[in-house]
Amino acid sequence: MPASIMRPDGITAGERCVAVEAPVSIEVDGLGYAVMMMTPADLEAFAIGFMLTERLADTVADVVAVEPFETEAGWIVRIALADRCRNRIHDRVRHRTSDTSCGLCGIAGLEQLHRPAPMAPRPDVTREALFAALKNLRDHQPLNAATGAVHAATVCNRQGEVVAAYEDVGRHNALDKLVGGLAGRGVDGFILVTSRISFEMVDKALIAGAPLLVGVSAPTSMAIAHAAAHGLTLIALARRDAMLVVNDPWKRFASGSEGGT
């Protein structure tokens, strides 16, 4: 898009790439479930991850079909679930419009915040791997490099190499894309996100089977409590030169030592 570039010594004309944000309607077994404002890319991965993190599906095999298509008004993603999961959508379906910070789209009451989540496994990652991932993170954010307006959710191996990355204008959407892309494979390393760590981000990481969640921004109180309750190692405010160890149930990074039991 055309843009005016303002500097202390004046204004010049220029061009600026803009991140695409579009409404994406999620239809499950013919019923409208949510409208997400998001980057309309990797929609099949998003659909699978969203079904898993919303507890509408238990495994990737429960998502029988995903059909994304563009319309004049935006995008529609039609999802078909296995027979054994279909009652769930009828129990919780509702039409709602969700902005880019949406998290618990299918929750109808506060009591449903206590949905079961798996316990996190023990992480097998060194601090050197964490800092290596931070060092190379920007290389896996091409859309953000062009626009400066999107988040990334990545999975890193035990050596700190980024092995998969998804971008979106919404941090939850980016993580759902990652969960869907990883479905059935698990996380043999850790998840690294370029955002704050909220309750929903911890919950999605647990569904993905991650032993460790790292975020470049701060955690919320509910995120810390959720991580502690489910044994998820949590690291926040991750920078190339320092990180904050928020929850370390396996004593991997406590007291300056690693490999504790």
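Modeller: Let us begin with a term: a residue is called buried under 20% relative accessible area, exposed over 50%, and partly exposed in between. Please bear in mind that this is a predicted model.

Biologist: Is Asp 29 buried, exposed or partly exposed?

Modeller: Asp 29 belongs to the loop between strand E3 (22-28) and strand E4 (31-38). Its phi is near 50°, a positive value in a residue other than glycine. The relative accessibility of Asp 29 is 24%, so the residue counts as partly exposed.

Biologist: Where does Lys 251 lie?

Modeller: Lys 251 is likewise not a glycine, yet has a positive phi of about 55°. With 47% relative accessibility, Lys 251 counts as partly exposed. As to its place in the chain, Lys 251 lies in the segment after E13.

Biologist: Turning to the whole chain, how many helices and strands are there?

Modeller: The protein chain has 261 residues, and buried residues make up 48% of them. Among contacts with a separation of 6 or more, 54% are between residues 24 or more positions apart. The accessible surface comes to about 12,300 Å², with 53% of it belonging to carbon and sulfur atoms. The chain contains 7 helices and 13 strands.

Biologist: Which residue takes a positive phi in the hairpin of E8 and E9?

Modeller: E8 and E9 (residues 162-168) run antiparallel and are joined by 6 bridges. His 151 stands opposite Asp 168 in E9. The hairpin has 4 residues between the strands, and the residue with a positive phi, near 90°, is Gly 160.

Biologist: Is Thr 154 buried or exposed?

Modeller: Thr 154 is found in strand E8, a strand in which 6 of the 7 residues are buried. Thr 154 stands opposite Leu 192 in E10, and its contacts beyond four places in sequence include Leu 137, Val 162, Leu 178 and Phe 190. Because its relative accessibility is 0%, Thr 154 counts as buried.

Biologist: Which residues of helix H3 are buried, and why do they line one face of the helix?

Modeller: Helix H3 spans residues 127-136, and its buried residues are Ala 129, Leu 130, Ala 133 and Leu 134. Seen down the helix axis, these buried residues fall within an arc of 140°, so they line one face of H3. In general, an α-helix has 3.6 residues a turn, so residues three or four places apart point the same way. What covers the buried residues of H3 includes strands E8, E10, E11 and E12.

Biologist: Which exposed residues does the face of H3 turned away from its buried side carry?

Modeller: To count as exposed, a residue must have over 50% relative accessible area. On the face of H3 turned away from the buried side, the exposed residues are Glu 128 and Lys 135.

Biologist: Finally, which side chain is joined to that of Arg 84 by a polar contact?

Modeller: Arg 84 is found in the loop between strand E6 (75-81) and helix H2 (86-92), and at 54% relative accessibility it counts as exposed. Beyond its neighbours within four places in sequence, Arg 84 is in contact with Asp 58 and Asp 62. The polar contact is one of 3.2 Å, and the partner of Arg 84 in it is Asp 58.

Methods. Residues are numbered from 1 along each chain as its sequence is written. This is a predicted model: local features need pLDDT of at least 70, side-chain atom pairs count only at pLDDT 80 or more; totals for chains, interfaces and linings use all residues. Side-chain values use heavy atoms; hydrogens and water are left out. Helices (H or I, at least four residues) and strands (E, at least two) are DSSP runs, numbered from the N terminus. Buried means under 20% relative accessible area, exposed over 50%, partly exposed in between (1.4 Å probe, protein chains only). Contact means heavy atoms within 4.5 Å. Accessible areas come from the Shrake-Rupley method with a 1.4 Å probe; for residues, only the protein chains shown count as cover. The arc is that of the directions from the helix axis to the C-beta atoms. Two strands pair if DSSP finds at least two bridges between them. A polar contact is a pair of N or O atoms within 3.5 Å; within protein, one must be able to donate a hydrogen and the other to accept it, and residues adjacent in sequence count only if both atoms are side-chain atoms.
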